[in-house]
Amino acid sequence: MATLSDIKRKIGAVKKTRQITKAMNMVAAAKLRGAQMKMESFEPYATKFAEVLGNLASRIESDIHPLLVKKEKVSRVELLHFSGDKGLCGSFNSNLFNRAKKWMDQEKDGGVDIGLTTVGKRGRDYFKKRGYDLIGSHINAYGNVDISFVNQISRGMIDRYLADEVDGVYMIYSRFLGMAKQVPTLVKLIPVEPPVAEDEEGSGAEVEYLCEPDPEGLMIELLPKHINVQIYNAFLQNETSEHAARMAAMDNASRNCDDLVESLTLVYNKARQAAVTAELMDIVGGAAALKG
Amino acid sequence: MGKLHLEIVTPEKVMVSQEVDIVVAPGTMGEFGILEGHVPFLSGIEPGELRFSSGNQTERFLVTTGFSEVSDNQVSILVDAAEKATEIDLERARKAVERAKERLSLDRGKEDVDFLRAEAALKRAIVRIRISEKIN
């Protein structure tokens, strides 16, 4: 049986753990707010971009640029995998790994080779350890991502696609659907499938733009940017998801600490009472013997 | 005086959203100006100087690549980055160049440095310096 001081020490330890998880919870909450704000300020850009691209796509042939053309034989694809730089965020990272693994196993069964690029320390370590074909990794990138960094990533992919080194590019990131819901999502980046222009308010007649250079030339310029927009969006969503997941995990941990402290305190009190009773019995017994 | 609504949007934020009289932007096929009543118009944007006037006030911005859309007296400029010309910090840009160069000179196999990022930072700083020197 654990002695009184043992239990007391344990209670102290759990309380300290709770301090840490509580602090991490608050830090995650603050970072989440920042990440969410970034996501919101990206929205006007993304919306406008999709609008213009959709409009252009509806006016041109779908095979004017190799980035739009599906390859007939697919033997090697690339995957851009997002995960967190840190752990302690519940099942956030492992969800992303499982999603990727499932997909990669499927592709491999179909005879397709996969080259992997990871964003996030966790992903890099995970896939390196398991011997996947890691062609690149980016760490500590969240929080200071800008479009020119994204541009570098996407340019490499586009170059490899155009040079016929790969026949498709996909990415997996965690989509932020709400505080309690983050879903690992697979997105096809190349070949590009332009967004379909949504007919707003059913206006029917599309605006006929005067284009400079021509619609085709513009499309060619916009296509790599479209990929950038998607990757940038993935960065923001993944970052927000990570913080939300960590916040939830730490909230849970703090609550578990509370429960643990409560039940340990019960055990402690019981043990203390037992000790007092035993001592009392001793004294009473001793007194009775003296009276004899 | 005709009024146009100008919006300069970057992925980070909406930089400018205001009524203006004229916008002059660096298009892929040369500089172009937009006044009220322009036909719907799409054009790529090259890195360079964008200026717009409202009344007798003219403001200058440095923009990087992107595109512009004009419809219904609404001008949207979507670029990777934009900065007020007067707010370019030359000193900072020069320092950024040095920092990036230093990181790029490290051993590629060993150090835990993201070379792609350093390279991107270097390019960005160089563009900034070039445009800032051209404008001032």
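Modeller: Read from the N terminus on, the elements of chain B follow the order β-β-β-β-β-β-β-β-β-β-α-α. In total, chain B has 10 strands and 2 helices. Please bear in mind that this is a predicted model.

The C-alpha atoms of chain B fill a box of roughly 60 × 25 × 25 Å, taken along the principal axes. The domain assignment gives this chain a domain 1 (4-85) and a domain 2 (89-135). Taken over C-alpha atoms, the centres of domain 1 of chain B and domain 2 of chain B are separated by 27 Å.

Together, β1(B) and β2(B) form a hairpin, with 4 residues between them. One bridge may be located by its residues: B:H5 has B:E19 in β2(B) as its partner.

Let us turn to the side of chain B that touches chain A. The contact takes 29 residues from chain B, while chain A provides 26 residues. On the chain B side, the elements that give two or more residues are β5 (41-45), β8 (66-71), β9 (74-79) and α2 (115-135) of chain B. Helix α2(B) supplies the largest share of that side, 6 residues. By class, the residues on this side of chain B divide into 13 nonpolar, 7 polar and 9 charged.

Strand β5(B) also takes part in pairing across the two chains. Strand β6 (residues 210-212) of chain A pairs with β5(B) in the parallel sense, over 3 bridges. Within this pairing, B:S43 in β5(B) is the bridge partner of A:E212.

Helix α1 (residues 4-57) of chain A packs with helix α5 (residues 215-291) of chain A at an angle of about 160 degrees, their axes being 6 Å apart. Angles over 145 degrees count as roughly antiparallel, and α1(A) and α5(A) are therefore roughly antiparallel to each other. The crossing in which α1(A) passes α5(A) is left-handed. The contact of α1(A) with α5(A) has 34 nonpolar, 11 polar and 12 charged residues.

Chain A also contains an open sheet of 5 strands, in the order β3-β2-β1-β4-β5, with mixed pairing. Its edge strands are β3 (134-138) and β5 (181-190) of chain A, each of which pairs on one side only. On average, neighbouring strands of this sheet are turned by 25 degrees against each other, direction ignored. Strand β2 (residues 113-119) of chain A pairs with β3(A) in the parallel sense over 4 bridges. There, A:T118 stands opposite A:S137 in β3(A).

Helix α2 (residues 92-109) of chain A touches β1 (76-82), β2, β4 (169-178) and β5 of chain A, and its direction makes about 40 degrees with that of β5(A). Helix α4 (residues 147-162) of chain A packs on the sheet too, touching β1, β4 and β5 of chain A; its direction makes about 45 degrees with that of β5(A).

Definitions and conventions:
Residues are numbered from 1 along each chain as its sequence is written. Chains are lettered from A and ligands numbered from 1 in the order in which they are written. This is a predicted model: local features need pLDDT of at least 70, side-chain atom pairs count only at pLDDT 80 or more; totals for chains, interfaces and linings use all residues. Axes are lines fitted to C-alpha atoms, for helices over the stretch in contact, and angles run from 0 to 180 degrees between N-to-C directions. Angles under 35 degrees count as roughly parallel, over 145 as roughly antiparallel, 65 to 115 as roughly perpendicular and the rest as oblique. A crossing is left-handed if the near helix is turned anticlockwise from the far one by less than a right angle, and right-handed if clockwise. Ala, Val, Leu, Ile, Met, Phe, Trp, Tyr, Cys and Pro count as nonpolar, Asp, Glu, Lys and Arg as charged, and the others, Gly among them, as polar. Domain bounds come from an automatic or database domain assignment. Two strands pair if DSSP finds at least two bridges between them. Two residues are in contact if their C-beta atoms, placed from the backbone, lie within 7 Å.
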